[in-house]
Amino acid sequence: MSSPMVGLVQVGLLILAIGVVYRPLGDYLAHVYTSEKHWRVEKAVYRLVRIDGDAQQRWTTYAAGVLGFSAMSVALLYLMQRLQPLLPLSFGRGAVDPATAFNTAVSFVTNTNWQSYVPEQVLGHTVQMAGLTVQNFVSAAVGMAVAIALVRGFAAAGTGRIGNIWVDITRGCTRVLLPIAVIAAVLLVALGGAMSLASGIHVIGLDGQAHTIATAPIASQEVIKELGTNGGGVLNANSAHPFSNPGGISNLLEIFLILVIPLALTRTFGTMVGDRRQGRVLLAVMVAIMAVMTAVVWWAESHPNGPATLAAGGALEGKETRFGLFLSGLFAVATTGTSTGAVNSMHDSFTGLGGLVPLLNMLLGEVAPGGVGAGLYGILVLAVIAVFLAGLMVGRTPEYLGKKLGRREVTAAALSILVMPTMVLLGAGTALALPSTGDALNNTGAHGLSEVLYAFASAGNNNGSAFAGLTVSSDFFQVALGLAMLFGRFMPILAVLMLAGAVAQQQRVPATAGTLPTTGPLFAGLLGGTVILVAALTFLPALALGPIAEALA
């Protein structure tokens with residue numbers, strides 16, 4: 001079977017698999033976050049941490065819980081890395097240096113999973129399992145909780161309450177992430193994924209010499225890093241390593257895990273607000289953007305410039321032969337359209353136009369379909385902006401889902417979408433102005449600029465993937481990227497929760513003849529145009545100097 005046909009078959013199977021689970025999973029998620037019944041294990045957790053599981057919170061209390069829980073998580077993960085020699089299964093690996101420990105702690109707590117080190121050489125299994133893997137679960141649960149809080153705000157009728165952060169995090173882990181992750185991990189092991197507590201296996205190579213191949217409890221972390229749109233990995237080769245992603249079927253499974261919850265949350269949204277057509281509009285915009293991005297990267301990688309790539313029949317450098325151009329491109333679109341950041345190929349080796357696609361996916365705000373939770377609240381914020389712009393054009397007070405969008409609501413939405421461009425452009429500009437950055441780059445010119453821009457886009461959007469042509473082990477990059485991750489994660493969350501609180505205080509008003517319909521193709525086009533417009537106006541100059549210039553060279 002030809003490579004293009006393999007890619008099309010995987011896309012078809014992916015659509016079929018997600019189509020089968022979309023409705024039941026979306027409705028199940030709605031039930032999880034609206035049920036008044038607590039499981040016994042959940043009640044035990046509430047008693048242990050002294051939480052009233054039936055208490056409803058205003059947005060300020062909810063936000064304080066998110067920030068407090070995340071700050072505690074950063075501190076604990078930092079200490080685990082610094083105290084690694086005292087922990088079991090450390091295999092003689094020393095304490096992680098302070099700058100790297102700070103960057104890594106922030107990275108995994110913010111659902112970014114950016115890694116500036118070689119995991120199998122720096123971290124032992126205890127830090128990997130009890131530190132990083134735990135954060136893969138809870139950081140994803142935080143993202144889902146914030147999205148559900150915003151949905152509750154639109155569904156509420158003057159209560160001002162948006163749920164309970166502790167209940168939402170707990171249920172996200174116990175009822176959603178853990179059950180799916182356990183089943184998927186067993187499947188991945190059955191497909192050839194590695195799962196071992198040994199530090200490595202010893203083999204005799206073709207050269208007759210003894211070699212050690214690093215191993216770890218890979219399958220369990222591989223699954224939750226995809227399911228929770230976390231990224232990162234136990235091995236430096238990430239999802240290109242055969243222990244993490246053995247072949248085509250496992251590749252399909254991992255892409256399915258990346259996309260399934262973000263897409264299903266659109267159904268959850270429609271169910272919770274009482275109008276499933278609203279969710280279908282968001283789903284249509286997400287799928288349309290993904291389809292365009294996939295088509296562009298496939299065309300770019302199979303029609304490259306240059307004699308070497310033309311002779312090879314495509315841009316094969318940096319790609320695993322068991323995946324080829326099309327499965328590598330599909331994975332790249334999925335992982336950067338969400339906030340996953342896992343890679344099964346080297347994005348730095350993509351063509352100029354092909355490399356533009358994963359970069360642009362992040363700069364669009366990762367809303368197609370976006371991270372677990374983050375994608376839903378991100379596109380809802382853009383929906384608010386789209387309705388506001390439409391209101392300006394017709395001279396009416398904008399309304400969305402029966403809630404009027406006044407100064408407070410629009411200010412919160414604007415703050416949410418302005419944080420990421422600020423982090424990306426200020427960070428990249430500062431880095432490019434430093435003489436030391438030139439020594440950290442493997443490439444000069446347009447591609448070198450793209451490497452720096454990609455790094456800060458990845459950090460500011462909590463993605464975690466990298467072009468990898470940039471060495472980021474210096475203290476400047478460790479701290480600068482760490483700050484970009486922190487502000488890129490929590491400033492939008494605070495703005496989203498403020499928006500949730502504002503709309504939750506309002507009574508729902510009935511639609512009138514002047515209300516903009518938000519369930520048809522017209523609004524879908526307006527929302528898609530807003531997504532593109534915001535990124536185009538903000539990042540076009542930087543993109544023109546980087547990947548666009550490289551593609552035209």
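Leu401 is buried, with a relative accessible area of 10%. Buried here means under 20% relative accessible area, exposed over 50%, and partly exposed in between (1.4 Å probe, protein chains only). The phi angle of Leu401 is positive, about 55°, although Leu401 is not a glycine. Leu401 sits in the loop between strand E3 (399-400) and strand E4 (403-404). Helices (H or I, at least four residues) and strands (E, at least two) are DSSP runs, numbered from the N terminus.

The model is predicted: local features need pLDDT of at least 70, side-chain atom pairs count only at pLDDT 80 or more, and totals for chains, interfaces and linings use all residues. Residues are numbered from 1 along each chain as its sequence is written, and side-chain values use heavy atoms, with hydrogens and water left out.

Arg50 also has a positive phi, near 60°, and is a residue other than glycine. Arg50 is exposed, at a relative accessible area of 79%. Its place is the loop between H2 and helix H3 (59-82). A further backbone feature is the peptide bond from Ala368 to Pro369, which is cis, with omega near 0°. Pro369 belongs to the loop between helix H13 (352-363) and helix H14 (374-394).

The overall fold was then described. The secondary structure of the protein comprises 20 helices and 4 strands. For 553 residues, a compact globule would have a radius of gyration near 24 Å; the protein has 23 Å, which agrees. That radius is taken over C-alpha atoms, and the globule rule is 2.2 Å times the number of residues to the power 0.38. The C-alpha trace spans about 75 × 55 × 50 Å along its principal axes. Of the 553 residues, 57% are buried. Contacts (heavy atoms within 4.5 Å) were examined for residues at least 6 apart in sequence; 79% of these join residues at least 24 apart.

Surface and charge were computed next. The protein exposes about 21300 Å², and carbon and sulfur atoms supply 68% of that area. Accessible areas come from the Shrake-Rupley method with a 1.4 Å probe; for residues, only the protein chains shown count as cover. There are 27 positive and 24 negative charges, and their mean positions are 18 Å apart. Lys and Arg count as positive, Asp and Glu as negative, while His and the chain ends are not counted. Each charge is placed at NZ of Lys, CZ of Arg, CG of Asp or CD of Glu.

Side chains of opposite charge can pair when their charged atoms come close. The whole structure holds 9 salt bridges. A salt bridge is a side-chain nitrogen of Lys or Arg within 4 Å of a carboxyl oxygen of Asp or Glu.

One of them joins Arg276 and Asp27 at 3.8 Å, N to O. This pair links distant parts of the chain: Arg276 is in helix H10 (residues 276-302) and Asp27 in helix H1 (residues 3-34), 249 residues apart. Arg276 is partly exposed, with a relative accessible area of 37%. Asp27 is partly exposed too, at 23%.

Arg175 and Glu42 form another salt bridge (2.8 Å, N to O). This pair also links distant parts of the chain, with Arg175 in helix H7 (residues 165-190) and Glu42 in helix H2 (residues 40-48), 133 residues apart. Arg175 counts as buried at 5% relative accessibility. Glu42 counts as buried at 0%.

In a further salt bridge, the closest N and O atoms of Lys319 and Glu301 are 2.8 Å apart. Lys319 lies in the loop between helix H11 (307-312) and helix H12 (324-337), and Glu301 in helix H10, 18 residues apart. Both Lys319 and Glu301 are buried. Salt bridges with shared partners join Asp27, Arg267 and Arg276 into one network.

Ser107, in helix H4 (residues 98-109), has 0% relative accessibility and counts as buried. Beyond residues up to four places away in sequence, Ser107 touches Thr112, Asn113, Trp114 and Met485. Ser458, in helix H17 (residues 445-460), is buried, with a relative accessible area of 0%. Leaving aside neighbours within four places in sequence, Ser458 is in contact with Thr112, Trp114, Met362, Asn463, Gly464 and Ser465. The C-alpha atoms of Ser458 and Ile261 are separated by 21 Å, with the two residues 197 apart along the chain.
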